[in-house]
Amino acid sequence: MYDFHSPIANGFARVAAANIPIKVGDPAANAISIIEAANLASEAGASVVVFQELTLVGVTADDLLFQDTMHEECETAIETIKQASVNWPLVALFGTPLRVSGKTLNAAVAVTRGQIVGIWFDPVQNDPMRKRWFSSCSDASPAYSVILDQPLFFASETPLTIQDVPGLSISVQLQEPIDYQMQAKHGVSLVANLGGAPAFAGTARHRLARAREASRTAKLAVVYVGAGEGESTTDYAWDGQAFIVEAGEVLAQNDRFGSGVRLTYADIDLARLQAERKLSSPAQEEMFASQQVRVQPRGDWTLERRFPRFPYLDTDPELWKSDLEDMIDLQVQALMRRLEATGNPHPVIGISGGLDSTLALLVCVEAMERMGRPRTDILTFTMPGFATTSHTKNNATKLCEVLGTTFEVIDIRDTARQMLADMGHPFGRGEEVYDVTFENVQAGLRTDFLFRIANGRRGLVIGTGDYSELMLGWCTFGVGDHMSHYSVNPGVPKRLCSI
């Protein structure tokens, strides 16, 4: 359906959080702002746009909700939005009070392509003030709505699946806290939270922190939009917070105290969420009924997602600095324990002048410092082969000299040449054949030298292979230079070794 270069074809979906200036008790004016924001989101290629709770009247409408006129105006505004949505290639989720069976429910309405495709309601009213205006869903049996003439009321657990965007299944929520783990079990990839709670000092920070942690553990995305501009400040104040998070990462957040119709966009990596959920809990996802809808969002938008320079670390520089320190401390602590358990042998390590062996050597040096042992107890070796350059050899030599380790150079070329000749390899006859055998003979000899040296000098061979190599299988483990007595880098991706 989509061109190969479309972000949607590559597992992404654009979502938008919309802040509009609320006119309290004026559904017609608020409907105009909803339509304006949805049109902008459509042009930008969004598949979903989410508004605050009670968008049509404002969360501070209070006793206006007792007026029949107010409900009639809300029904008219919903019809206006529905008609305006005929050409929208997205789903718009907005809040409204809704009369059902003589009761008033706090509801969220989903509109697209000239149709209302679902209504969700706040299942339980815990706030004593809210109970004054709204009924719990148990107090009002799901019946035909005066604006729908069809039963499209859903429990909060019923997701909305966008068929045109693989992997996009939306849970619509009107309250906190949210059971994110349950949403994940139901196959939800995006939680749309229409918020309406007042703001206090620190509220925004704590709300974002909760959403980040919940989305991280449940492996899903969250778009939150709170009440803000235009709400009455008689009893409380409102900050209009909006943010989009994915698996613990903040993708976008707004200026909470801005004004006018404002959109906050982010490109959700649905393929990533699906993959991570399968890895973390492959057997937990359950089959669950969902509302299916065809939207046909635009596919010609340009992916604007920013990929972090250090993808395995927090985006906050101070936090990822702390994470790096933790990583080193964990590596050092593990090595110290292994050395103590084996009678404090000499760490034996091959130094190539590259990133991986340098990190492993630094871990060894720190372990010696903390154990009160001299750095000369570390036996370091560089073993140049046929393709070793003077640059890498000099790097290895200078590194060991600066760190003060016991250092030796073992040239493996003659030994490798002899082995290749004994094997009948073409290189042993002087032919320029540089195949896998040629490379692995050198890798295996380096490992063989290190192990025999460890045998003879009461040593423990320290491995240098990193997580990226081991995961990709790009190593000669067991027959080459990734074999060791104890490896300190297998949990460290290659990208982190360069920081």
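The paragraphs below take cavities, then salt bridges.

This is a predicted model, where local features need pLDDT of at least 70, side-chain atom pairs count only at pLDDT 80 or more, and totals for chains, interfaces and linings use all residues. Numbering runs from 1 along each chain as its sequence is written, and side-chain values use heavy atoms, without hydrogens and water.

Two cavities of 30 Å³ or more turn up in a search of the whole structure. A cavity here is a set of points on a 1 Å grid over the protein atoms alone where a 1.4 Å probe fits but cannot get out; lining residues have an atom within 4 Å of a point. The largest cavity has a volume of about 80 Å³, the space filled by probe spheres set on the points. Its lining has 16 residues, with N19, I20, Q52, G226 and G228 closest to the centre.

Side chains of opposite charge can pair when their charged atoms come close. The structure holds 24 salt bridges (a side-chain nitrogen of Lys or Arg within 4 Å of a carboxyl oxygen of Asp or Glu). One of them joins R99 and D68, at 3.4 Å from N to O. R99 sits in strand 3 and D68 in helix 2, so this pair ties together parts 31 residues apart in sequence. Helices (H or I, at least four residues) and strands (E, at least two) are DSSP runs, numbered from the N terminus.

E366 and R370 also meet in a salt bridge, at 2.9 Å. Both lie in helix 8, four residues apart, about one turn of the helix. Elsewhere, salt bridges with shared partners link K219, E246, E249, R272, E276 and R305 into one network.

Terms used. 1 Å grid on protein atoms, 1.4 Å probe; cavity = no way out; pocket = protein on both sides within 12 Å on 5 of 7 lines; lining within 4 Å.
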